[in-house]
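Sequence and coordinates come first, the reading after.

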Amino acid sequence: MEEESGEELGLDRSTPKDFHFYHMDLYDSEDRLHLFPEENTRMRKVVQAEMANESRGAGDGKAQRDLQEEVDELVHLYGLEDDHELGDEFVDENIPRTGVSEYPPYMMKRRDPAREQRDWRLSGEAAEAEDLGFGGWGSAGQCQDLREAYRYTHGRASEEYECYVIPEEEDEEEAADVFCVTCKTPIRAFQKVFDEHKEHEVIPLNEALESAKDEIHKNMYKLEKQIIEMENFANHLEEVFITVEENFGKQEQNFESHYNEILETLAQKYEEKIQALGEKKKEKLEALYGQLVSCGENLDTCKELMETIEEMCHEEKVDFIKDAVAMADRLGKFLKTKTDVEISAQPEFEDQTLDFSDVEQLMGSINTIPATGSSVRVCWSLYSDDTVESYQLSYRPVQDSSPGTDQAEFTVTVKETYCSVTNLVPNTQYEFWVTAHNRAGPSPSSERAVYMTAPSPPIIKTKEIRSCEEAVLICWESGNLNPVDSYTVELTQAESPEASGVTESVVGIPTCESVVQLQPGRSYIIYVRALNMGGPSVRSEPATVHTIGSYFRLNKDTCHPWLTISEDGLTAVRSERRTPARELSPSDTHFTRCVAVMGNLIPVRGHHYWEVEVDEHLDYRVGVAFADVRKQEDLGANCLSWCMRHTFASSRHKYEFLHNRTTPDIRITVPPKKIGILLDYEHSKLSFFNVDLSQHLYTFSCQLHEFVHPCFSLEKPGCLKVHNGISMPKHVTFY
Amino acid sequence: MKFAVYLPPKAETGKCPALYWLSGLTCTEQNFISKSGYHQSASEHGLVVIAPDTSPRGCNIKGEDESWDFGTGAGFYVDATEDPWKTNYRMYSYVTEELPQLINANFPVDPQRMSIFGHSMGGHGALICALKNPGKYKSVSAFAPICNPVLCPWGKKAFSGYLGTDQSKWKAYDATHLVKSYPGSQLDILIDQGKDDQFLLDGQLLPDNFIAACTEKKIPVVFRLQEGYDHSYYFIATFITDHIRHHAKYLNA
């Protein structure tokens with residue numbers, strides 16, 4: 001049973017080039033044996049079909065190939081026909097597998113071999129009708145192997161036989177038609193009686209097939225889901241990739257300009273210092289030289305005087321006395337003048353402390369991203385050795401569309417090769433260009449560079465924050481007229497201040513809202529930043545969130561016109577007034593019949609608990625409803641809402657727990673003033689409690705396939721107040 | 001006197017709260033244990049459940065076996081004052097004193113945490129025990145209780161037999177009357193009643209009277225009229241989990 005290619009078997013037909021051989025040993029021989037104890041039978045059947053082909057003589061090669069294609073198609077159709085949810089990927093992936101299905105082509109066996117080829121072309125429907133194994137086998141190679149094997153086991157040349165070679169042993173016509181669950185193998189019905197399968201559980205083959213198919217379908221469905229997930233993830237990763245690149249670019253640019261600035265400043269200082277030293281030197285030398293000169297003069301005078309005195313000593317007495325007196329005078333005068341013998345200039349140069357503070361500052365700020373919402377740091381360089389006296393930087397906002405309205409152009413003159421431009425509009429693109437100036441005039445202007453200012457910080461809508469113990473939903477206003485690229489949410493825990501607090505960031509948020517996972521029982525401070533090509537904005541004003549209980553506000557948009565909601569979104573009031581009897585026109589957003597309002601509960605599963613404070617004599621309904629509940633109906637009157645209803649009439653309190661207009665018959669002797677409501681998505685339950693007494697009132701079992709919102713209605717004038725952000729009391733935990 | 005005790009797994013390692021069940025007319029200590037399906041819930045909440053018999057047996061009192069709603073199997077949880085019943089038929093004292101002492105001494109129960117519930121006559125028993133002993137029981141509940149025995153046939157028959165003809169003595173064992181003068185600590189009462197219960201329709205149970213009295217006195221009650229249910233143990237088995245949870249809330253607080 002070893003696989004061999006067609007050529008090796010010495011067949012006359014040449015193997016078509018595009019033929020794909022599937023080896024019998026694709027699956028372990030162990031597996032094969034295990035599943036198909038009737039190996040011989042199968043081979044024989046296969047062979048007989050093969051021979052049917054051969055008998056057709058000419059065009060065999062072609063027949064083979066057609067066969068292969070047809071089989072593949074058949075396999076594909078049959079194997080996957082009922083799996084409409086699968087995409088093409090599955091089709092492609094699965095074909096090779098089913099192509100080498102381990103299930104023998106029983107269908108062939110059933111039919112008249114002579115018609116087999118045609119039957120296959122009938123494709124899927126026929127195959128299904130047979131309701132047996134997967135059609136198809138791999139290849140001509142397989143057929144040939146089997147034929148060889150047949151020859152071997154039966155010692156007869158297959159050519160001797162025409163179509164109907166059916167050895168004696170195999171006289172029953174049925175293929176396996178039951179499935180032994182214990183052995184997990186298809187067997188024939190009568191085999192059940194034999195030792196092996198005697199004690200085993202057996203089910204009809206159809207059932208086994210159905211359940212096997214179901215298994216596979218389930219798994220295929222899961223696989224598909226996983227594919228979608230992975231693709232989404234891959235896309236997300238791509239985006240992150242791009243962001244990393246961009247951020248790198250910014251970092252690089254920033255560092256380069258800072259670094260250059262530092263170098264320039266250092267160079268400048270070097271020049272200055274050298275120059276200063278040089279001057280000092282000059283000073284000293286000049287002073288010394290001066291001294292030298294005066295010293296020389298002094299010396300000359302001294303020498304001259306000495307000579308004169310010497311001459312005097314050789315004169316006559318009368319002349320000598322005259323000259324001696326004059327000389328004494330002169331000497332006296334001369335010697336009186338002090339000769340300065342102090343060195344006027346010290347040879348040493350003092351140590352000068354250089355002021356590097358500006359360089360230090362530059363180095364310290366080397367990491368700050370230059371662009372803020374209203375300023376941009378622009379740098380440039382000169383590619384020649386020309387003397388430049390100053391640079392002129394011009395800029396203006398980039399025009400989107402109409403060039404008609406010319407935006408104002410601004411100019412700044414600087415001596416350095418960089419400039420921080422301020423007072424810009426956030427989240428706007430500006431184009432910059434530079435001209436260099438010297439005595440001869442200005443240079444041609446540089447190419448225009450476009451920089452974008454970072455956006456303004458967003459503004460968190462603190463009144464619309466909704467939270468629960470495990471998450472918070474924050475939404476904000478962009479804070480910018482033009483769109484930004486994305487938003488980042490940053491959060492720190494309030495208890496641990498900046499020093500030890502870790503800041504968590506959620507990046508790449510495309511819209512103005514985000515659900516962030518949190519830990520229960522903590523307080524968080526949340527900031528939002530907007531992000532564009534120019535960088536991130538500064539942090540928004542913070543918002544605080546406490547993950548205790550669930551926190552929501554009443555949604556004014558859903559409010560019936562006769563209800564007023566307080567500023568803090570927690571109290572609903574229906575005033576005493578003469579309300580007109582006319583019907584309000586139906587609306588999808590706000591209640592028109594039931595005087596009700598909905599709360600905006602965070603769309604997160606788990607537990608939510610809140611309390612409602614009511615007056616004993618108030619007629620009200622409190623509960624939950626799906627967001628798309630019909631607003632023209634009363635709460636509890638349809639299957640999209642559940643509520644507890646209290647009516648007080650003739651000094652009697654009546655309580656109903658309504659859903660789809662039905663209520664159980666319940667009497668409550670002490671009217672609750674504060675009602676606790678527990679919404680449990682996990683166990684699909686909605687429970688009501690009398691908070692003051694810790695008394696359980698009623699629990700609905702509800703199918704919560706989507707998120708629901710708390711709702712409240714006032715059937716008579718009065719008010720009710722919502723309390724939330726409360727952690728579940730102990731007595732509630734029993735439910 | 002026979003009684004049945006259920007010990008939850010938790011009792012192997014420590015003392016558990018005790019929940020007393022009082023059965024109705026004709027029952028023994030076996031009915032609840034075998035038919036009510038309480039085990040899972042009691043185990044989950046770690047409660048010891050005790051179910052006494054409904055009357056003393058084999059006392060050889062003339063007439064004790066004559067009717068199913070008086071005498072054997074119909075103790076009505078009172079302390080009889082009339083002959084020939086007063087020696088043996090002291091179910092009230094048995095349930096409120098003798099049995100708890102016995103249980104506390106021999107089983108791993110916490111003597112401070114005790115609750116009581118029952119069915120029909122046992123519901124009546126549970127309510128009166130709780131109302132006559134404020135603070136003794138942490139919670140009370142009942143299935144189809146006889147709420148106002150002085151006004152229903154069963155009650156009249158039993159009380160006149162056990163307590164004599166002085167109706168003022170009957171009120172001491174009537175839940176509706178006891179509520180009216182209940183001074184004590186907060187009680188949270190859960191009552192389930194089958195809507196298709198024949199005895200309800202026959203006026204034996206009279207829950208409305210009890211509810212009205214509780215509303216008046218502001219005693220917290222949640223009374224559920226269950227559509228389609230009768231007086232049987234199938235009814236009890238359906239809602240037993242709710243009741244056990246109700247008690248667990250207070251016993252495990």
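A residue is called buried when its relative accessible area is under 20%, exposed when that value is over 50%, and partly exposed in between. By that cut-off B:H231 counts as buried, because its relative accessibility is 14%. The model is a predicted one.

**The annotated site in chain B**

B:H231 sits in the loop between strand 7 (221-226) and helix 10 of chain B. The UniProt record, an unreviewed entry, gives the feature "active site" at B:S120, B:D197 and B:H231. These residues span 112 residues in sequence, yet no two of their C-alpha atoms are more than 10.9 Å apart, so they gather at one spot.

B:S120 also belongs to a loop, the one between strand 4 (109-119) and helix 4 (121-132) of chain B. Is B:S120 buried or exposed? B:S120 is buried, with a relative accessible area of 2%.

Contacts tie the site together. Not counting residues up to four places away in sequence, B:H231 touches B:H119, B:S120, B:A144, B:D197, B:F199 and B:L205.

**Nonpolar cores**

In soluble globular proteins, nonpolar side chains tend to be buried together. The largest nonpolar core here has 92 residues. Which members touch the most others? They are B:F32, B:F76, B:I116, B:Y162 and B:F210. Helix 10 (residues 233-251) of chain B gives the most to this core, with eight residues.

B:F76 shows the packing around one such member. Beyond its neighbours within four places in sequence, B:F76 is in contact with B:L25, B:D69, B:M121, B:H124, B:I146, B:W154, B:A158, B:F159 and B:Y162.

A second, separate core has 43 residues, including A:L554, A:I677, A:F700 and A:V708.

A:I242 is placed in helix 10 (residues 205-313) of chain A. A:I242 counts as exposed, because its relative accessibility is 51% and exposed means over 50%.

**Salt bridges**

Side chains of opposite charge can pair when their charged atoms come close. How many salt bridges are there over all chains? The count comes to 28. Three of them are set out below.

| Pair | N to O distance | Relative accessible area |
|---|---|---|
| A:E304 and A:R330 | 3.4 Å | A:E304 41%; A:R330 38% |
| A:R448 and A:E431 | 3.3 Å | A:R448 45%; A:E431 13% |
| B:R245 and B:D242 | 3.0 Å | B:R245 18%; B:D242 22% |

Take the A:E304 and A:R330 bridge. A:E304 lies in helix 10 of chain A and A:R330 in helix 11 (residues 317-336) of chain A, so the pair ties together parts that are 26 residues apart in sequence. A:E304 is partly exposed, and A:R330 is partly exposed as well.

Next comes the bridge between A:R448 and A:E431. This pair links distant parts of the chain, 17 residues apart. A:R448 is in the loop between strand 9 (441-442) and strand 10 (449-452) of chain A. A:E431 is in strand 8 (residues 429-438) of chain A. A:R448 is partly exposed, whereas A:E431 is buried.

B:R245 and B:D242 both lie in helix 10 of chain B. They are three residues apart, about one turn of the helix. B:R245 is buried, but B:D242 is partly exposed.

Some bridges join into a network. A:R593, A:R621, A:D634, A:R645, A:E656 and A:E715 are linked in this way.

B:L7 lies in the loop between strand 1 (3-6) and strand 2 (16-22) of chain B. B:L7 counts as partly exposed, at 41% relative accessibility. Leaving aside neighbours within four places in sequence, B:L7 is in contact with B:V48, B:F107 and B:P108. B:L7 and B:H39 are 32 residues apart in sequence and 9.4 Å apart in space, C-alpha to C-alpha.

Conventions. Residues numbered from 1 in each chain as written. Chains lettered and ligands numbered in written order. Predicted model: local features only at pLDDT ≥ 70, side-chain atom pairs only at ≥ 80, totals over all residues. Heavy atoms only, no water. Helix = DSSP H or I, 4+ residues; strand = E, 2+ residues; numbered from the N terminus. Buried < 20%, exposed > 50% of the residue type's maximum accessible area, 1.4 Å probe, protein only. Core = buried A, V, L, I, M, F, W, Y, C linked by side-chain atoms within 4.5 Å. Contact = heavy atoms within 4.5 Å. UniProt positions renumbered as here; feature names shortened; annotations may be inferred. Salt bridge = Lys/Arg side-chain N within 4 Å of Asp/Glu carboxyl O.
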